[in-house]
Amino acid sequence: MLSLAPWCHAEAISVRTVRLGDVLAIPEFSAPATVVARNAPSPAAEIAARIEEILVEVGDRITADDLLVRLDCRRYESLLIARQAAVDRARAQQAFAEQQLQRARNLQRKKSISEELLDQRRTDLATAEADLLASEQEVRLAEIDVAHCDVRAPVDAVVTERATSVGSYANVGTVLLNLLEAEGQEVSVALRHDQADGLQAAETVVFKSDETDYPVMLRSLLPRVDPIARTREARLVFTDEAAVAGTPGRIVWYGARSMLPSDYLVRRDGHLGVFVLDADRARFIDIPDAQDGRPAVLQLAPETLLISEGRQRLVDNDLVNPTAAGESR
């Protein structure tokens, strides 16, 4: 407790008091937040081809694997047929090489063929097998290209933009559509250190937007501090109905215990605290952990009389003339 008695006033100062237990309250905390989509994919062409058809419009709801865009596939289908023919040829060459090797082995048993020629037949078979494997992989790549002629939805989503038109030529990487995942929205909020601790301990958290409350719960607090803002990003998920991605609002949560509203705090000699009534004297109670503009924890009995009006003129040990809140002087 600070002692400021040498500067106390000679005459009693009129003040009003209030019972501490009547003003303690569960504090409400909040921080600006925004709803973000978990995924916002932009399907792009994975082959170079002309766009034959776009089967969706802006605003359409689609489900995963729905056909979105069809590309001209004739070149890739022809290439696939050619590579399948190459596999057939390689398979025939492998079969022939196996037969030649078998004949060479039979002749070698009869001492009618040199070891060098037998080795050549083994090499021919190994080469044919490698050619067959390479041809099969070429077919696989061609099949992948043909599959890319149909662009399909990666997730359940809403179409937000058609980024190209029918008849346009799409190169590899050309964005065709922009999508927004229909489910899985999250709330992103930047928190100070003290807010992060409070949010993690909170039992009730809501996202408020346009007078609508959406229940949410903390999913993750990122282990990274913004070097400029000195904040950490938290991600929260909706536990019931979700707000639309892009919706601005505030995350609101409540403290775990009753605290004194910051309006009752005063500063004396660099210390924050409160004035309480002690008989006919005002006593300054220092609150070490108090911060300007924030609720404070005050470890006093609920029956303590807190000086609510007239405290700005007081110093410790001032003589006061108290009136309870609600009473006339």
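Helix 2 (residues 74–109) and helix 3 (residues 115–147) have axes that come within 8 Å and cross at roughly 165 degrees. Here the axes are lines fitted to C-alpha atoms, for helices over the stretch in contact, with angles running from 0 to 180 degrees between N-to-C directions. Helices (H or I, at least four residues) and strands (E, at least two) are DSSP runs, numbered from the N terminus. All of this comes from a predicted model, in which local features need pLDDT of at least 70 and side-chain atom pairs count only at pLDDT 80 or more, while totals for chains, interfaces and linings use all residues. Residues are numbered from 1 along each chain as its sequence is written, and side-chain values use heavy atoms, with hydrogens and water left out.

Helix 2 and helix 3 are therefore roughly antiparallel to each other (angles under 35 degrees count as roughly parallel, over 145 as roughly antiparallel, 65 to 115 as roughly perpendicular, the rest as oblique). Sorted by class, their contact holds 16 nonpolar, 6 polar and 15 charged residues; Ala, Val, Leu, Ile, Met, Phe, Trp, Tyr, Cys and Pro count as nonpolar, Asp, Glu, Lys and Arg as charged, and the others, Gly among them, as polar.

Strand 3 (residues 49–54) is joined to strand 8 by 2 bridges, the two running antiparallel, and R50 stands opposite Y169 in strand 8.

Then there are the aromatic rings, with 5 aromatic pairs in the count. Rings of Phe, Tyr and Trp (its six-membered ring) pair if their centres lie within 6.5 Å; planes under 30 degrees apart count as stacked, over 60 as edge-to-face and the rest as tilted. F207 and Y214 make a tilted pair, 6.2 Å centre to centre with 40 degrees between the planes. Y214 also pairs with F238, this time edge-to-face, at 6.0 Å centre to centre and 80 degrees between the planes. That pair links distant parts of the chain, Y214 in strand 12 (residues 212–225) and F238 in strand 13 (residues 232–238), 24 residues apart.

Notes: Two strands pair if DSSP finds at least two bridges between them.
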